Structures are given as structure tokens and as C-alpha cells.
Amino acid sequence: MSVTDPVSNLAALIRCPSVTPAEGGALTLLDTLLTPLGFKVERMTATEAGTPDVENLYARIGTDGPHLMFAGHTDVVPVGDEAAWSHPPFSADIAGGEMYGRGAVDMKGGIACFAAAIARYIEKNGAPKGSVSFLITGDEEGPSINGTSKLLEWAAAKGETWDACVVGEPTNPDVLGDMIKIGRRGSLSGRVTVHGVQGHAAYPHLADNPLRGLLQLTHALMDPPFDNGTDNFQPSNLEVTTIDTGNTATNVIPAKATASFNIRFNDTWTADSVKAEIVRRLETAAANGALRPDRAPARYDIVWADRPSHVFITRNNALISSLSGAVAEVTGKEPKLSTTGGTSDARFIKDYCPVVEFGLVGQTMHMVDERVAVADLETLTRIYETFIERWFANAAS
């Protein structure tokens with residue numbers, strides 16, 4: 001196979017069954033693609049108690065600056081019902097101009113295209129006047145504990161520094177050239193438990209139904225809105241995602257009720273300030289007697305999830321203009337600069353260098369019959385190659 005061909009690159013990657021956290025041969029394949037180009041390839045396995053070990057890859061060509069990083073992940077989500085796929089999920093079959101397979105767009109396709117792009121750049125220009133690195137994890141679709149964050153720490157401890165990064169996640173809603181992600185909202189999760197007194201449903205005066213208090217608390221979490229959005233971000237939004245009592249009887253008032261929630265917050269807030277606002281709302285709602293007349297304030301506690309994601313926006317003009325210009329040159333489209341969507345590993349990279357995200361069209365990611373238009377692989381490779389040329393030119397000026 002020729003590394004300059006993104007189609008063959010992606011087919012080979014899809015055929016590696018790297019369901020998170022399994023390496024599945026995907027990192028070994030990248031090693032065989034990048035080493036002949038002159039990259040020094042290193043593998044590291046990250047560990048932490050209570051989580052699966054994860055193998056990661058770091059590859060670099062060049063020793064001087066400026067230093068451009070491409071980041072991504074080779075792990076994929078499970079295939080679900082394999083019988084529901086029209087083509088086997090690890091076959092990389094091509095039908096109707098599309099390649100089918102788990103990871104086709106999220107995000108082995110992006111890796112395949114960037115590998116082809118840097119190979120074409122080197123073939124045309126020789127080694128870059130600076131450095132290019134691949135930072136590839138096997139833990140993006142998993143708990144994200146033994147992946148990018150630890151790989152960055154490991155590389156930085158070895159003296160690695162970076163001037164800019166592109167994450168190859170699928171960012172385009174409809175067609176290539178639609179959107180570049182230049183930031184992400186923060187994300188914070190928690191669990192609220194309201195404590196009551198168990199009793200018979202026919203004798204509520206002898207019990208204290210925690211669901212009454214929990215309804216008050218969850219309503220207060222969702223209304224009123226946290227904000228109206230900002231110039232760069234949509235409004236913050238909190239969703240209650242589970243409510244549970246563990247109660248299987250219809251005539252028993254439960255002893256406790258629990259609700260989980262997640263808030264995606266914009267740059268109006270920090271993780272600490274949004275926590276404080278949530279606690280303020282809970283305290284006010286707990287004293288509300290609307291559903292609990294003549295009762296003391298609802299008794300509750302809250303547990304916060306570890307590792308909140310912090311809101312960020314990238315303002316590095318050399319990086320953004322190089323990528324926007326490359327997209328426009330290849331596709332004729334002016335991409336929207338966006339901060340929408342969920343979180344990505346860019347949340348870790350932002351602490352080391354400016355970072356943006358651009359990849360394939362994401363309409364089929366995580367779905368049965370995940371697939372990518374073969375023509376898009378060539379287009380994305382041309383965008384990445386043009387971007388590399390533009391970025392090094394801009395970084396040197």
C-alpha cells in the first residue's frame with residue numbers, strides 16, 4: 001500500500017478491530033506507515049487503577065520548530081448489532097462510492113487523510129522546515145483517562161513542545177468545508193440524592209417522599225436558563241439524564257431518590273462558578289414547600305463527577321487562517337468557525353498549544369453502517385496538505 005493514498009490507509013485501519021480500549025493492530029499499522037517517511041515512532045502504555053491499560057502512539061519527524069501536531073484516536077465504539085450492518089463493520093467494503101466500517105469517520109478517516117497528506121508533502125517538498133508529530137490515543141471513546149492527557153504529559157516530560165495542533169475529529173455537519181471547531185463548551189456532571197422516610201403509600205403522613213423534593217430540585221436545575229449565550233458560544237444547557245429510586249413496589253414510598261445531570265456551559269462560567277450556581281439553586285429549591293407543605297427543607301447531598309471539561313476558545317490567527325484558507329482553496333467554501341457540539345480531546349491539548357478541529361462529515365459516526373464518501377477522503381487529504389503548506393509558511397513569517 002502507498003501511504004499517499006488515503007483510501008488504502010483507511011481500509012487498512014478499519015480492518016483493525018480496535019474497539020476501545022483494544023489496540024487491535026491500528027497503532028502497529030500507523031507505525032508501518034509513518035516510519036518509512038522518516039518519523040520516529042514511540043509507543044507508551046498508560047495505566048491507572050480501576051481502568052483498563054491503554055496503548056498510545058507518538059511519532060515525530062524533525063527536531064526543530066515550528067512544531068505542528070496532528071492529534072486523534074484509533075479506538076472506536078462497539079459495533080452494536082453486527083447483523084444490522086449492510087456490510088461487515090471491519091471489512092472496509094466500498095459500495096455506492098462509500099466506504100463502510102466502524103471508525104470510517106470517527107476518526108480513522110481523519111488519521112488516514114493526514115498520513116496521506118504529510119506523505120505527499122514530504123514527497124513534494126522534502127522533510128518539513130520544522131517538525132510534524134502524530135499524537136494518537138486508544139482511549140478517546142473510553143474513559144479518556146489513559147489516553148491523550150497522559151500521552152501529552154509523557155511527551156512534555158521528554159521535552160516535547162508544540163506550536164499548534166489540528167484534531168481530526170469529524171466536524172462537518174453536511175459537507176466538507178462546513179465547519180472548523182475553534183473551541184468547546186465546558187462539561188460538568190453530578191448526581192443529587194434526596195433523602196426521605198420510607199413508608200406505606202396509603203399513609204404518607206408517616207413517611208417523607210423524596211421524589212417530591214427531587215422534583216423541586218430538578219426543576220430548579222433546568223429553569224430558569226443559566227444564560228442567553230455569548231458572542232462565541234450558544235446558551236449553557238443543563239439536562240437531567242436519570243432519575244431513580246431503586247424501588248420496585250408501587251405501594252411503598254422510597255427512602256431516597258437520585259437524579260444525574262450534565263451541564264454544557266459557555267464562557268460565562270467556569271467549572272467552579274457553575275458549581276456554585278447549581279448549589280445555590282438546589283439550596284433555594286430544597287426550602288420550597290410547593291410539593292412538600294409543612295415539611296422541613298428537603299435533605300439532599302450532591303456528588304460531582306471527576307475531571308470536568310473546561311470551556312475554551314482558540315484565537316490563534318496563524319492556525320485558524322491557515323486552515324480556513326486551505327478549506328476555501330480546496331472546496332470553495334468559507335467554513336463556519338464554531339464552538340458547538342460535545343467535548344473532545346482538544347480539551348487536554350489546549351493546555352499545551354493552540355488547537356482547532358477539522359475532519360470528515362460526521363453524520364454516521366457511532367451509527368450502524370458508519371461510512372464515508374470515498375471522494376471526501378481525497379478532498380480532506382488535499383485540504384490537510386494545503387494546510388500544512390500554509391501553516392509552515394505562516395509560522396515562518
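Is Cys113 buried or exposed? Select Cys113: its relative accessibility is 0%, so the residue counts as buried (buried is under 20% relative accessible area, exposed over 50%, partly exposed in between, with a 1.4 Å probe and protein chains only). The model is predicted, so local features need pLDDT of at least 70 and side-chain atom pairs pLDDT 80 or more, while totals for chains, interfaces and linings use all residues. Residues are numbered from 1 along each chain as its sequence is written, and side-chain values use heavy atoms, without hydrogens and water.

Stay with the cysteines. With a disulfide taken as a pair of cysteine sulfur atoms within 2.5 Å, the count is zero. Cys113 is in no disulfide, and its nearest cysteine sulfur, in Cys16, is 16 Å away. Next select Cys353 and Cys165: the two sulfurs are 5.2 Å apart, too far for a bond. Cys353 counts as buried because its relative accessibility is 6%.

Now move to the sheet. Strands (DSSP runs of E, at least two residues) and helices (H or I, at least four) are numbered from the N terminus. Three strands form an open antiparallel sheet in the order β4-β5-β19, where pairing requires at least two DSSP bridges. β4 (94-95) and β19 (371-373) are the edges; each has a single partner strand, so one side of each lacks a neighbour in the sheet. β5 (residues 98-100) pairs with β4 over two bridges, and Ala95 stands opposite Glu98.

Finally, select helix α1 (residues 6-14), which lies across β4, β5 and β19 at about 20 degrees to β5.

Definitions and conventions
Contact means heavy atoms within 4.5 Å. Axes are lines fitted to C-alpha atoms, for helices over the stretch in contact, and angles run from 0 to 180 degrees between N-to-C directions.
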